Amino acid sequence: MSSRREQILAAAAGLFARHGFHGVGIDEIGAAVGVSGPALYRHFRSKDAMLGEMLTSISDELLAGGLERRERTEDPAKLLGELVAFQVDFALDNPSLITVQERNLGNLTEPDRRRVRALQRRYVEVWVQAIRDTTPTFDEPAARAAAHAVFGLINSTPHSRYLGRDGMATMLRDMALGALGNVGPETASDHASPDT
């Protein structure tokens with residue numbers, strides 16, 4: 001059973017995803033969980049604090065999941081498959097959080113933004129290493145670009161859930177792994193800037 005804080009964050013995520021962070025007041029969040037707006041201050045000091053905890057929690061969960069899979073999986077191709085499946089499941093199961101993260105990073109306080117960015121960078125590095133281990137022709141910038149491209153594909157799910165949860169999960173996993181497997185050495189080496 002979820003805690004009261006988790007219930008509040010889930011309600012706030014749904015509202016922020018639909019109406020934007022600035023389009024939602026504390027009273028609306030309270031009403032969504034059956035309390036007055038001011039009663040929320042027993043759990044969070046402000047709406048900004050809610051957003052900060054929400055986005056930090058997302059980043060913490062993704063990093064922890066990525067690190068756990070890396071620890072238990074020695075085969076690079078299997079690890080990449082597990083990372084893709086993990087990201088797909090997270091995106092499909094948390095569409096409001098994906099939308100809030102995409103749209104509201106700029107609304108975080110500076111300390112929260114720095115923390116979220118640091119966690120996100122560490123998560124991306126797990127992917128970068130897995131991609132490079134699977135495709136040795138990729139250098140670091142190419143692997144990073146590939147990781148972000150796959151995130152973009154997978155995280156588009158809040159806007160394109162037409163097949164039902166299982167059908168969408170299968171399609172996204174196949175598309176992501178297909179895209180990563182179909183980038184040849186010539187593509188990986190073409191990314192170099194004119195300065196190099």
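Residues are numbered from 1 along each chain as its sequence is written, and side-chain values use heavy atoms, with hydrogens and water left out.

View 1. The chain has 9 helices and 0 strands; helices (H or I, at least four residues) and strands (E, at least two) are DSSP runs, numbered from the N terminus. Count contacts as heavy atoms within 4.5 Å, and residues 24 or more positions apart make up 68% of the chain's contacts with a separation of 6 or more.

**View 2. How α3 and α4 pack.** Helix α3 (residues 47-72) and helix α4 (residues 76-93) have axes that come within 10 Å and cross at roughly 155 degrees. Those axes are lines fitted to C-alpha atoms, for helices over the stretch in contact, and angles run from 0 to 180 degrees between N-to-C directions. Angles over 145 degrees count as roughly antiparallel, so α3 and α4 are roughly antiparallel to each other. On the α3 side, look for residues including I58, L62 and R69; they belong to a set that meets α4 residues, among them L79, F86 and Q87. By class, this contact has 6 nonpolar, 3 polar and 5 charged residues. Here Ala, Val, Leu, Ile, Met, Phe, Trp, Tyr, Cys and Pro are nonpolar, Asp, Glu, Lys and Arg are charged, and the others, Gly among them, are polar.

**View 3. Zooming in on Q87.** Q87 sits in helix α4 and is buried, at a relative accessible area of 2%. Setting aside neighbours within four places in sequence, Q87 touches L62, Y123, W127, F151, I154 and N155.

**View 4. V124 and its partners.** V124 is part of helix α6 (residues 110-134) and counts as buried at 8% relative accessibility. Beyond neighbours within four places in sequence, V124 is in contact with R144, H148 and F151.

**View 5. A word on confidence.** The chain averages a pLDDT of 89, and 89% of the residues score at least 70; pLDDT is the predictor's confidence in each residue, from 0 to 100. Over residues 184-189 the pLDDT is below 50, and this stretch has 5 contacts beyond near neighbours in sequence. Where pLDDT is low, the predicted coordinates should not be read in detail.

Technical notes: Predicted model: local features only at pLDDT ≥ 70, side-chain atom pairs only at ≥ 80, totals over all residues. Parallel < 35°, antiparallel > 145°, perpendicular 65-115°, else oblique. Buried < 20%, exposed > 50% of the residue type's maximum accessible area, 1.4 Å probe, protein only.
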